[in-house]
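Here is a short briefing on how two chains meet. Look over the sequence and structure first, then read on.

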Amino acid sequence: MLDTRQPGRLPGGPGVGYKPQHYAAIIADPDPVEWLEIHAENYMGAGGRPIAQLRHLADRFPISVHGVGLSIGGEAPLDADHLARLKDLVGWLRPASFSEHLAWSTHDSHFLNDLLPLPYTQATLARVCRHIDQVQDVLGRQMLLENPATYLGFDESEMSETDFLAGIAQRTGCGLLLDVNNVFVSATNQRTDPYAYIDAFPLARVGEIHLGGHDVQKDDHGAPLLIDSHGTPVVDPVWALYDHTIARAGARPTLIEWDNDVPDWPVLAAEAARARAVLNRVPA
Amino acid sequence: MIRQAEFARALLDSAQPVPKGLSDPEGRAAGSRFAVYRNNVAVGLTRALETAFPVLRALVGDEFFAAMAGVYLRAHPPGSPLMMFYGAEMPGFLAGFAPVRHLPYLPDIARLELALRESYHAADARPADPEILTGLPPARLMQARLRLAPSVRLIRSSHPVASIWRAHSQPDAPRPSPGAEDALITRPGFDPEVQALPGGGGAFVLALSDGKALADAVAAAEDEDENRDFDLTRSLGALISGRAIVAIET
């Protein structure tokens, strides 16, 4: 277990998920953001444009490396090859933060390319803690673990998601990445109170916040079913929940995530500006 | 307790029942909530294949490609989280996929598109100064070994693979005419480029990449070129203009 440290060293202002189509716009107009986040797996090639752009951006911005492929919740041991690739990336890039998801995505060496849900049991908790210990040992640094967007529940779950995450953070010394859109999506889908979730969340551990858009569908019984899609603006109820979060937690590095139907830079910059306005209202 | 094996099987095969023990907030069976994950997996992997194979997709049409991707992703889920390299089994899959048997060039198009991605992500390398070649006395030149950049790829095909690719990826490209083609991929900057090599060029580049001396590479090319008019200048020119020679060992 790592010592508990002040989680994350990202600047306290807004950042965005980096998309290559924004490269020129960001260089020309960098002020809307204080840092950038990349998906680790997109920068595991040997060279070429992706790596060159990343090196260039890393000279100008603190970088957050966000993994989507480690399968930390997987029943199987972590993929040693993938962990080694991550160590390489984090080694040369020296990012301000590294984060991954409370989810699984690989089974029987097949990567399913989705963040799949976990039952909140003591057995899962022990397994996730083992994997996080391993990641933090190999990378030699603290990681942040992100709360998932969920669409269903496991009958076998024994504890709440907030207790589960608090337990992991306490046992492993990891920090947490609080995705406020995921909180809103999961609470709607599970018919729970998103504000109660934030109030129960170990906010002192939060090194980063995510905000993003979601899609609205209905389940078999006509109940709203929200899908974490990162393809639209952050909706007002999620901004309100974010206000509440920042009022309680203080200012935290906040990322606008927009991965599908990616808009032009000014649209993303405007979302970042809205997050900055919230952050400016509270002391860091 | 739900094992991830059971969950994963049901994700990829919608004929499998949704695992028991997954519920909505009222305690009812998860039903279409499980379908969100099924859909995420299928849509995500299909998008990855669309990104990997734009020309293949143009050749078979969007609708057919999406249906074929659905079959492919279940037969060949990704073997690693590096989605930029997803689809490596596509050439073999296409060769055995009955509905495209009448399009025998598709496997080679898939190989070309995979090679373009490998080239795009390959390690950087500084090209050697081609002046070194022109400055060598002919005897030494022919004994030289040319080391090629990590981004160089060669696709040898009994179909006009480079011309078909160009016709579906560049406006105003000429219609392909039948015949075998060797497609050379080079990456002079950050964007890989495809060119069809002249007769014997494929054997020449293959010999060079195997570490053979220039004289032996020329012999290999002449062996293969039925017209016996292998054009060394053109083939070498293709490598030089593609900034594909990174070392000249004399």
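In this predicted model, 44 residues of chain B are in contact with 48 residues of chain A; contact means heavy atoms within 4.5 Å. This is a predicted model, where local features need pLDDT of at least 70 and side-chain atom pairs count only at pLDDT 80 or more, while totals for chains, interfaces and linings use all residues; side-chain values use heavy atoms, without hydrogens and water. Residues are numbered from 1 along each chain as its sequence is written, and chains are lettered from A and ligands numbered from 1 in the order in which they are written.

**Buried area**
- Chain B and chain A bury about 4000 Å² between them, 56% of it on carbon and sulfur atoms.
- Buried area is the accessible area (1.4 Å probe) that two parts lose on being put together, summed over both.
- Q4(B), R33(B) and Y37(B) supply 20% of the area that chain B buries against chain A, more than any other three residues.

**Salt bridges**
- The rule finds four salt bridges across the interface of chain B and chain A.
- A salt bridge puts a side-chain nitrogen of Lys or Arg within 4 Å of a carboxyl oxygen of Asp or Glu.
- E75(A) and R3(B) join their side chains in a salt bridge, at 3.5 Å from N to O.

**Strand pairing**
- Strand β8 (residues 153-154) of chain A pairs with β1(B) in the antiparallel sense, over two bridges.
- Strands are DSSP runs (E, at least two residues), numbered from the N terminus, and two strands pair if DSSP finds at least two bridges between them.
- G153(A) stands opposite S23(B) in β1(B).

Definitions and conventions. Helix = DSSP H or I, 4+ residues; strand = E, 2+ residues; numbered from the N terminus.
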